[in-house]
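Here is a short walk through one protein chain. Please have the sequence and the structure open while reading.

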Amino acid sequence: MFSPPAAVLLSLLHGAFCQNLFSWDNGASDTRQVQPYECLPDPTSCGCCVMQKKLQRMEWFFNKTVEDISNNLANSKMALNEMRASRSAFSVALGEANASGCFGPFPDERRVVYRHVFLNLGDGYSAATGGFTAPRSGVYSLAVTVYSASAAPGGPGAHLTVNGLQASALREKESRDREDSATLVVSAKLRAGDNVAVVLPKGGVVCDDSSHLNTFTGFLLYPC
C-alpha cells in the first residue's frame with residue numbers, strides 16, 4: 001500500500017513516462033518535442049539513455065506547470081488590484097453633527113447639498129456641490145431618505161436625478177402628526193462621469209438635526 005504522496009508521485013511518473021504529448025490551455029496540445037540527451041551506441045547504455053529522456057520530459061512537465069501557476073497568480077493579483085482601485089461608496093447626511101434646521105421651502109427646485117460625510121470611499125461625492133460622480137461604469141445602489149417636521153404644505157419630498165434628469169422621486173404628504181418621512185432605494189446603471197444628485201422640488205422642505213434623518217447613500221455593486 002502506497003502512501004498518498006507516493007501514489008501522486010507514481011501517477012506523475014507514469015504520465016511523464018507514457019505520454020509524448022502534453023495538453024495545455026483547455027485541451028490545446030503542445031507538440032514541442034523535448035530534445036534527448038545524446039545516447040551512446042553501446043547497447044549497455046540503452047537503459048540509461050531511456051531514463052535520461054524520461055527525466056528530461058518530466059523536468060519539462062514540472063517547469064511548464066510552475067510557469068502556468070505563476071501566470072495565473074499574476075493575473076489574479078492584477079484583477080484584485082483593479083477591484084480595489086475601483087471601490088466606490090459614499091454615505092452623507094444633510095446637517096452637520098451639531099446643527100439642526102430645515103432646508104426649504106423654495107419657489108423653485110433646489111439641489112440638496114449634504115454637508116455631513118459619513119463615508120466617501122473613492123472621493124466620488126462632492127460636499128461642495130452635493131453631487132456624486134461615478135468613477136467608472138457599472139451598476140450602483142442608490143438610497144435617499146427624506147424627513148420633515150415642518151408644517152409646510154409641500155411636505156418632505158425629493159427627486160433623484162442623473163445628469164440633471166429625474167430618475168426617480170419620493171414624497172410623503174403631510175399628515176396630522178407634522179412629521180413625515182420617505183425612503184427610496186434603486187439600482188441604476190451609470191456610465192463613468194455620470195453625476196447623481198438629490199433635488200428638492202418646488203415647495204418641498206426637509207428638516208434635520210444631530211440624528212441625521214436625511215441621508216443620501218450609494219455604492220458600486222459591480223462594474224460593467
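Which residues does V196 touch, not counting residues up to four places away in sequence? The model is predicted, and in it V196 touches G130, G131, F132, L142, L160, T161, V162, L190 and F216.

V196 also belongs to the largest nonpolar core, a set of 26 residues. The residues with the most contacts inside this core are Y114, V144, L160, V196, V198 and F216. Several strands contribute to the core: β3 (89–93), β8 (138–148), β9 (157–162), β11 (180–190), β12 (195–200) and β14 (215–223) each supply at least two of its residues.

The protein chain contains two helices and 14 strands. Of its 224 residues, 34% are buried. Among contacts between residues at least 6 apart in sequence, 72% join residues at least 24 apart.

A last point is the confidence of the prediction. The mean pLDDT of the protein chain is 78, with 70% of the residues at 70 or more. Over residues 5–10 the pLDDT is below 50, and this stretch has three contacts in the model beyond near neighbours in sequence. Residues 12–32 also have pLDDT below 50; for this stretch the model shows 32 contacts beyond near neighbours in sequence.

Technical notes: Residues are numbered from 1 along each chain as its sequence is written. This is a predicted model: local features need pLDDT of at least 70, side-chain atom pairs count only at pLDDT 80 or more; totals for chains, interfaces and linings use all residues. Side-chain values use heavy atoms; hydrogens and water are left out. Helices (H or I, at least four residues) and strands (E, at least two) are DSSP runs, numbered from the N terminus. Buried means under 20% relative accessible area, exposed over 50%, partly exposed in between (1.4 Å probe, protein chains only). Contact means heavy atoms within 4.5 Å. A nonpolar core is a set of buried Ala, Val, Leu, Ile, Met, Phe, Trp, Tyr and Cys residues joined through side-chain atoms within 4.5 Å. pLDDT is the predictor's confidence in each residue, from 0 to 100.
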